[in-house]
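My entries are given below the display.

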Amino acid sequence: MSRQPAGGEPELWAVAARNERGRRRLAGGAPREFVRAARADAAAWWVDAGADVALLLSSPAGRPPGAATSLSVRGAPRVPGGGSLAAALRAGEAAALAGLRGPFALAHWCARRRRLVVARDHLGQRGLFVARRGDFFVFSSSLEGLLEGGAELDPESAIHYLAHGLPAPGKTLARDVERVPAGHLMWWEPGGAPQPARYWTPLRDGAPVDDTPRLRRSLGAAIEGALREGLAGPGRAGLLLSGGLDSSYLAAVARRAGARAGLASYSIEFDPAYGLNETEYATLAAGAFGLRHRAVRLGAREALAGLEEVFREAEPCSAWAALTHRALLRAAVEDGVTRLASGLGSDEIFGSYGAMLRGYAAFREHLVALPEGARGRALADLLPDREAARRVLYAGVATFFTRGALREALAPAYRAWDPLDHLLPFYRECLRLKPGAHAYELMVAHECQHRVPDLLHAGFEPASRRAGVRVCYPYLDPGFVERAAGLKASSRMRWGGDEWRTKLPLRALGAGLLPRAILERPRASYNAPFAHWMREPAFARPALSRLRSSRFWQFGLVRERWRGRVLRELSAEPPPAGAATSAWTSQLWALLTLAAWFDRFVERGA
């Protein structure tokens with residue numbers, strides 16, 4: 001896969017003085033260590049005359065947008081109705097940010113107010129991090145740049161990663177590097193510390209709860225608008241097409257919206273013996289809408305090359321779909337595609353994952369056991385009861401190590417960790433934002449705040465940007481999310497006799513547009529055949545060799561004999577055709593990616 005050409009979009013960097021010595025150092029220009037980390041010339045930095053902040057400039061004009069302000073932007077945010085982004089931020093940061101569209105990370109310094117604001121887009125397609133470095137606070141969209149001098153592993157984040165596939169909320173795996181949450185800004189004024197503040201939430205008062213024709217038209221318009229924006233521009237455009245309902249509907253909309261001839265589509269094809277291919281459905285959808293389709297074969301050897309790429313990332317990726325994503329990117333780059341559309345996000349926003357269905361069922365079971373008069377406050381009353389909260393609160397799609405498995409796997413000093421310590425504050429905040437929010441709204445809010453930005457986007461987007469490919473996610477457009485997040489359960493799904501039929505509004509939108517076979521396709525989970533590859537020596541031997549030789553085991557977080565247990569369980573019996581995963585393969589993947597991150601970024605003395 002080719003890399004983004006030199007001279008492409010720079011990273012965002014902002015440096016703020018923590019103390020008087022930091023101010024004196026900034027008076028001499030941008031500190032050299034940050035110039036090096038940003039791989040930029042000192043002339044590219046703007047320094048406030050009062051020597052409080054320095055910004056690496058990346059505004060569209062390449063210069064400060066005004067005498068009173070300086071703005072650094074990574075990404076392409078769009079101000080509704082046009083106009084100046086800097087002017088909109090001066091008028092009111094939270095309102096201006098909530099109204100933006102498109103992925104972004106930005107830093108805005110107002111010399112008149114002496115206030116620095118950094119912000120990350122609504123669903124976290126761009127990353128944004130903050131670190132304390134001696135005399136400075138450092139804000140950057142480049143986690144790798146912040147880790148170049150080595151890192152110290154944060155045990156709490158590492159345990160959270162093993163449990164749910166992402167670091168603890170607001171953190172990274174590095175002890176001294178925090179994360180600006182998606183949909184949040186962080187403001188700083190001289191003499192203080194950075195303060196986070198939310199500017200956007202999917203929990204909207206008055207959000208539609210019923211699946212009506214009017215709502216469907218609104219959802220369809222939001223999808224079409226986001227798709228048009230995402231595929232617009234010079235060069236070739238493409239679509240990641242699995243043949244499922246989500247991506248097939250995007251293909252239909254692209255055709256209806258007049259996408260020019262030559263729109264390419266891409267799907268992954270594995271060894272047929274695995275029973276995990278969607279090629280038949282993808283080919284059907286591509287043929288129905290006149291797309292030039294390419295099935296990208298991915299075998300064990302090619303997957304190993306992708307695994308090495310994943311191991312080099314500044315954030316480990318717990319979704320092994322990162323392997324298929326890189327293979328699809330390579331094919332798109334070979335074809336000259338610079339913009340892709342993806343159906344990622346539909347399952348999260350419509351709440352159709354098995355984990356979300358089980359989460360809703362757990363809440364319903366809890367609800368019906370309550371006296372009728374207590375049901376209105378069932379969620380709020382649940383929070384003080386830790387055991388009930390543990391049974392009922394939704395913790396996310398990914399669960400690699402259950403609480404019981406973690407207690408067995410972790411060294412004794414770390415076994416007291418409890419995921420409720422992060423879950424309870426999140427749900428308390430949600431119920432402050434919208435006291436009447438129902439269970440499905442809260443699950444969608446959890447996906448939007450955690451898994452989508454800090455697992456999926458963190459795992460997929462860095463590779464896309466390095467390849468020079470802009471990926472749009474119409475189902476994660478904030479306007480679409482705001483319309484769909486409040487739907488009640490009966491507007492999302494119904495029992496079809498032998499299984500749940502989910503995404504009812506999307507099915508209604510697709511009726512008459514999509515082939516019947518796709519509309520009636522049984523629910524299925526297609527994923528990379530990691531369990532099968534682990535039985536192929538070309539893939540398994542190098543992967544396991546790295547795991548066995550990793551310095552991670554010397555850290556003492558996970559008992560080394562747990563690694564042996566995982567490997568024994570994996571070798572007990574081969575996975576059946578059509579099965580991509582098991583608890584043991586999930587745990588192995590989490591350990592592999594965490595250990596690889598440790599070996600690359602943690603200093604040897606840790």
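The entries take the sheet, then the cavities.

I note that this is a predicted model, in which local features need pLDDT of at least 70, side-chain atom pairs count only at pLDDT 80 or more, and totals for chains, interfaces and linings use all residues. Residues are numbered from 1 along each chain as its sequence is written, and side-chain values use heavy atoms, without hydrogens and water.

Sheet. I looked up the strand order and found S4-S5-S6-S10-S11 in an open, antiparallel sheet of five strands. Strands (E, at least two residues) and helices (H or I, at least four) are DSSP runs numbered from the N terminus; two strands pair if DSSP finds at least two bridges between them. S4 (69-75) and S11 (195-198) are the edges; each has a single partner strand, so one side of each lacks a neighbour in the sheet. I then checked S6 (residues 115-120) against S10 (residues 184-188): four bridges join them in the antiparallel sense. Val-118 stands opposite Met-186 in S10.

Cavities. I took a cavity as a set of points on a 1 Å grid over the protein atoms alone where a 1.4 Å probe fits but cannot get out; lining residues have an atom within 4 Å of a point. Volume is the space filled by probe spheres set on the points, which are joined across faces, edges and corners. I recorded eight cavities of 30 Å³ or more.

Key
1 Å grid on protein atoms, 1.4 Å probe; cavity = no way out; pocket = protein on both sides within 12 Å on 5 of 7 lines; lining within 4 Å.
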